[in-house]
Amino acid sequence: MAGEKTEKATPKRKQDERKKGNVFQSHEIGTVLSLVAVFFSLQLLGPWIISNLETTITEFFSLSATQTAVTMADANSFLLKGCLCFAVTILPVLIIGAFASSLSTIAQTRGLVSFEALKPKFSRINPIQGIKRLFSLRGVVELLKSILKIIILGIVIYQALEQELSIIPRLADMTIPQAGAAIGAAIMEIVKKAALIMAFVAAFDYLYQWYEYEKNLRMSKQEIKEEYKQTEGDPQVKGKIREKQNMMARRRMMQNVPNADVVIRNPTHYAVALQYDPEHHRAPIVIAKGQDSLALRIVSVAEQHNVVVTENRPLARGLYENVELNAEIPDRFYQPVAEVLAFVYNLKKKDLT
């Protein structure tokens with residue numbers, strides 16, 4: 001049926017949807033990148049974070065030996081120091097994670113900035129539409145994807161913990177830094193395995209989001225025709241415009257016929273009007289030309305204004321087919337046209353005498 005959306009979306013349709021902020025992207029990719037970025041930044045910045053926390057905790061505990069009373073000013077100072085410690089130790093990790101997630105979004109949307117998605121739409125708060133989305137194919141796929149991700153991650157984390165359980169009894173014999181390092185190494189092993197599994201999930205999700213996006217943008221044949229009309233114009237309207245332009249061009253051309261020096265005809269099929277002005281052109285120019293009925297009109301106008309009309313079949317056809325309107329004649333026509341013009345000038349001299 002003509003209304004069925006069976007055709008791929010046109011580039012214009014995709015561009016229009018992009019302007020509206022409708023692009024496909026996988027949030028799973030951002031989740032994986034932010035997860036990896038956060039944990040590897042923790043591993044990299046771990047010693048520095050521990051050092052800052054140790055310094056702050058030591059400073060706060062040392063106050064118990066010297067601080068006998070806590071005033072409101074002291075409480076404000078402690079709060080400020082605590083916030084500053086948080087900002088120095090935790091914010092860099094959070095910023096790295098946010099940057100990784102933002103980088104994923106920018107890469108997938110190719111830097112798209114659109115405010116269309118921020119406009120309020122009542123369909124978003126419509127409970128009926130919400131229920132339809134919940135039980136749609138997309139909703140079912142999202143639910144299955146979440147369940148599958150939880151199951152796989154649970155299995156991976158369980159197996160990793162089972163392998164690392166052997167280090168728990170040894171933690172009692174370690175110093176606090178050593179125990180922290182051992183626990184950190186075990187956590188990073190779990191993170192690496194989980195990130196690898198989530199990468200496969202993200203790749204599947206990306207392909208599914210691309211398929212769903214292309215499916216939702218499909219167009220019917222009638223929509224493609226309408227889009228073509230909008231971009232290229234209605235063929236009937238374009239035909240009428242072209243016809244009117246040709247009519248105006250012919251009218252201007254016929255107005256130039258009285259200014260011609262000679263009209264060369266063949267005898268009814270072709271007619272070419274030439275004008276030669278040595279001060280402005282190197283060679284004669286074609287100021288009017290026509291075929292069949294238009295040729296007869298050119299001859300008629302020329303005769304009405306006493307323009308010389310001469311018959312030269314090969315020359316008339318050659319000029320008509322090889323010389324554009326308002327263009328100078330090519331070199332190969334110089335000799336025959338010069339002979340015609342010489343004949344015309346001699347004829348005019350006889351008429352004057």
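Trainee: Is A100 buried or exposed, and what is its relative accessible area?

Mentor: Some ground rules come first: this is a predicted model, local features need pLDDT of at least 70, side-chain atom pairs count only at pLDDT 80 or more, and totals for chains, interfaces and linings use all residues. Residues are numbered from 1 along each chain as its sequence is written, and side-chain values use heavy atoms, with hydrogens and water left out. Buried means under 20% relative accessible area, exposed over 50%, and partly exposed in between (1.4 Å probe, protein chains only). A100 is therefore buried, its relative accessible area being 12%.

Trainee: Which helix holds A100, and how far apart in space are A100 and A37?

Mentor: Helices here are DSSP runs of H or I with at least four residues, strands are runs of E with at least two, and both are numbered from the N terminus. A100 belongs to helix α4. A100 and A37 are 63 residues apart in sequence, and their C-alpha to C-alpha distance is 6.6 Å.

Trainee: At what angle do the axes of α2 and α4 cross, and what is the handedness of the crossing?

Mentor: Axes are lines fitted to C-alpha atoms, for helices over the stretch in contact, and angles run from 0 to 180 degrees between N-to-C directions. The axes of α2 (residues 27–66) and α4 (residues 91–109) come within 8 Å and cross at roughly 155 degrees. Angles over 145 degrees count as roughly antiparallel, those under 35 as roughly parallel, 65 to 115 as roughly perpendicular and the rest as oblique, so α2 and α4 are roughly antiparallel. A crossing is left-handed if the near helix is turned anticlockwise from the far one by less than a right angle, and right-handed if clockwise; that of α2 and α4 is right-handed.

Trainee: Which residues of helix α11 are buried, and why do they line one face?

Mentor: Helix α11 covers residues 313–322, and its buried residues are L315, A316, G318 and L319. Seen down the axis of α11, these fall within an arc of 165 degrees, so they line one face of the helix. The arc is taken over the directions from the helix axis to the C-beta atoms.

Trainee: Which residue caps the N-terminal end of α11?

Mentor: A polar contact is a pair of N or O atoms within 3.5 Å; within protein, one must be able to donate a hydrogen and the other to accept it, and residues adjacent in sequence count only if both atoms are side-chain atoms. The backbone nitrogen of L315 lies 3.2 Å from a side-chain oxygen of the capping residue, N312.

Trainee: What is the N to O distance in the salt bridge of E321 and R317?

Mentor: A salt bridge is a side-chain nitrogen of Lys or Arg within 4 Å of a carboxyl oxygen of Asp or Glu. E321 and R317 both lie in α11, four residues apart, about one turn of the helix. An α-helix has 3.6 residues a turn, so residues three or four places apart point the same way. The N to O distance between E321 and R317 is 2.9 Å.

Trainee: How many salt bridges are there, and how many residues apart are R282 and E328?

Mentor: The count comes to four salt bridges, among them that of R313 with E311, at 3.4 Å between the closest N and O atoms. Another joins the side chains of R282 and E328 at 3.7 Å, N to O. That pair links distant parts of the chain, R282 in the loop between β2 (270–275) and β3 (285–291) and E328 in the loop between α11 and α12 (334–352), and their separation is 46 residues.

Trainee: What is the phi of D292, and what is that of N306?

Mentor: D292, in the loop between β3 and α10 (293–304), is partly exposed at 39% relative accessible area. N306, in the loop between α10 and β4 (308–311), is exposed at 70%. Neither residue is a glycine.
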